[in-house]
Amino acid sequence: MKLFNVYPLFDITPLSAKDVYVYDDQGIKYLDLYGGHAVISIGHSHPTYVKKLREQVSKLGFYSNSIQNPLQEVLAQKLGALSACEEYELFLCNSGAEANENALKLASFYTGKKKVLAFNNSFHGRTSSAVAVTDNPKIVAPLNAQHQVDFVALGDLLSVEEILKKEQTCAVIVECIQGVGGLDESSTQFYQGLAKLCKQYSALFIADEVQSGYGRTGDFFAFQKHQIRPDIISVAKGMGNGFPIGGILIGPGIEASYGLLGTTFGGNHLACAAALSVLEVLEEEQLMKNVSEVSAYFMEKAAQLASVKNIKGRGLMLGLEFDFPVAALRKKLIDTQHIFTGSSNNPKLLRILPPLTIKKEHIDHFFQALIKELDS
Ligand SMILES: Cc1ncc(COP(=O)(O)O)c(C=O)c1O
């Protein structure tokens with residue numbers, strides 16, 4: 001059997017990885033400033049992570065959600081404490097799309113309404129309603145297009161109100177910093193205004209923190225900069241440092257009932273062990289502090305480069321915007337300098353999404369390599 005060929009692949013075969021480095025089958029060492037698309041939070045093969053997963057799988061890797069699983073309780077408690085979201089309740093699933101799918105479904109159950117409001121250039125995943133609220137017609141099949149979604153420009157509160165006042169919208173879903181879209185972010189005034197309008201017109205505010213959550217911006221969640229409390233927060237990527245796990249944090253007042261949501265694999269023992277080790281390392285190694293320090297250093301260095309037209313993002317969810325498409329530069333960084341970086345919907349943006357353990361010396365290495373490639 002052949003693979004269904006949906007991924008354009010770089011010709012690299014990684015065999016192992018440690019912290020911020022990935023090693024391929026030719027013995028080449030790559031600096032990972034991409035983190036497997038913002039997934040690697042505590043560094044590749046972190047000893048705590050490896051130990052906890054090993055221990056857990058040798059005892060019990062999986063059992064279904066029909067029995068007691070105290071690891072889920074511990075995870076909910078620790079996540080609540082570390083993210084300062086103690087008043088929320090946790091539902092566990094397996095990916096970012098699934099987290100958003102459940103968030104949207106819950107909003108519809110809760111409000112009894114059908115429509116969703118999303119933003120231009122958004123990305124929320126590829127399952128049915130998650131892809132329908134994603135602003136990319138190329139990945140929306142006719143089946144998905146049956147969902148009733150309005151799109152408005154990020155920052156346009158007037159259009160938001162025009163739509164919400166019709167009282168047909170169950171949820172507004174937003175990435176407080178757009179990931180795949182290219183790191184656009186609106187003002188605190190906008191996000192606070194959005195939260196207010198959601199309350200006023202009984203729509204739930206869903207913050208998609210799948211990419212921006214888990215310390216990537218220097219805060220646990222990107223929305224926290226704007227002092228808002230979303231009704232539902234979706235998480236995935238950094239949560240399991242590569243082990244597939246996602247979840248939604250559900251705000252007070254949204255009541256659970258048996259069977260309302262469910263999954264076979266979500267929140268299994270092994271996934272919980274991965275997620276618990278991520279929280280332990282984030283806290284013990286003070287990685288959010290590291291994110292802020294290394295981010296400031298990166299910004300300082302980037303500001304010295306005349307060819308960089310714009311520095312976007314915050315924390316370690318960063319982008320360098322040039323006045324030319326960066327695809328060739330990205331390839332040269334991989335082939336010649338052995339550095340992974342990321343792309344986005346904006347062809348001129350080079351994205352930087354490293355493990356949160358990265359140090360200033362790695363940033364120095366990156367800028368030396370970047371200058372070499374820009375000069376050549
Ligand atoms: C903001 C955001 N939401 C949702 C998703 C979908 O996550 P997954 O690929 O785990 O389904 C992504 C993936 O890139 C994302 O960046």
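Two notes on the ground rules come first. Residues are numbered from 1 along each chain as its sequence is written. As the model is predicted, local features need pLDDT of at least 70 and side-chain atom pairs count only at pLDDT 80 or more, while totals for chains, interfaces and linings use all residues.

The protein chain is assigned domain 1 (14-45 + 286-375) and domain 2 (47-284), with bounds that come from an automatic or database domain assignment. Taken over C-alpha atoms, the centres of domain 1 and domain 2 are 26 Å apart. Their contact draws on 24 residues from domain 1 and 24 residues from domain 2; two residues are in contact if their C-beta atoms, placed from the backbone, lie within 7 Å.

On the side of domain 1 that touches domain 2, at least two residues each come from helix 1 (35-38), helix 9 (287-303), strand 11 (310-314) and strand 12 (317-321). Helices (H or I, at least four residues) and strands (E, at least two) are DSSP runs, numbered from the N terminus. Helix 9 supplies the largest share of that side, five residues.

| Helix | Residues | End-to-end C-alpha distance | Expected span |
|---|---|---|---|
| Helix 8 | 16 residues | 22 Å | 22 Å |
| Helix 9 | 17 residues | 24 Å | 24 Å |

What lies on the buried side of helix 9? Leu287, Met288, Val291, Val294, Ser295 and Phe298 are buried there, where buried means 20 or more other C-beta atoms within 10 Å of a residue's own, exposed means 12 or fewer, and partly exposed is in between, with C-beta atoms placed from the backbone. These residues cover an arc of only 125° around the axis, which puts them on the same side of helix 9; the arc is that of the directions from the helix axis to the C-beta atoms. The face turned away from the buried side of helix 9 carries exposed Lys289, Glu300 and Ala303. Cover for the buried residues of helix 9 includes helix 8 (269-284), strand 11, strand 12 and helix 11 (360-375).

Helix 11 can be read in a similar way. Its buried residues are His362, Ile363, Phe366 and Leu370. They lie on the same side of helix 11, because their arc around the axis is only 100°. Exposed on the other side of helix 11 are Glu361, Asp364, Gln368 and Asp375. Among the elements covering the buried residues of helix 11 are strand 3 (29-32), helix 9 and strand 13 (339-340).

Helix 8 has twelve of its 16 residues buried, so it is largely enclosed by the rest of the structure. Its buried residues, including Leu270, Cys272, Leu276 and Leu282, pack against helix 2 (47-59), helix 3 (70-83) and helix 9.

## Backbone angles worth a look

Just after helix 8, Gln286 takes a positive phi of about 45°. Ala38, in helix 1, has a positive phi of about 65° although it is not a glycine. Ala38 counts as buried, with 25 C-beta neighbours inside 10 Å. Tyr214, likewise not a glycine, has a positive phi of about 60°. Tyr214 sits in the loop between strand 8 (204-208) and strand 9 (232-235) and counts as buried, with 31 C-beta neighbours inside 10 Å.

## A buried strand residue

Phe119 lies in strand 5 (residues 115-119) and is buried, with 25 other C-beta atoms within 10 Å. Which residues does Phe119 touch, not counting residues up to four places away in sequence? Phe119 touches Phe151, Val152, Leu154 and Val174. Phe119 and Val152 are 33 residues apart in sequence, yet 5.0 Å apart in space, C-alpha to C-alpha.

## Around the ligand

The ligand is surrounded by 15 residues, of which the closest are Ser95, Gly96, Ala97, Gly125 and Val210; a residue is near a molecule if its C-beta atom, placed from the backbone, lies within 6 Å of it. Helix 4 (residues 96-111) gives the largest share of this shell, three residues. By class, the shell around the ligand has five nonpolar, eight polar and two charged residues.

Technical notes: Ala, Val, Leu, Ile, Met, Phe, Trp, Tyr, Cys and Pro count as nonpolar, Asp, Glu, Lys and Arg as charged, and the others, Gly among them, as polar. The expected span of a helix is 1.5 Å times one less than its number of residues.
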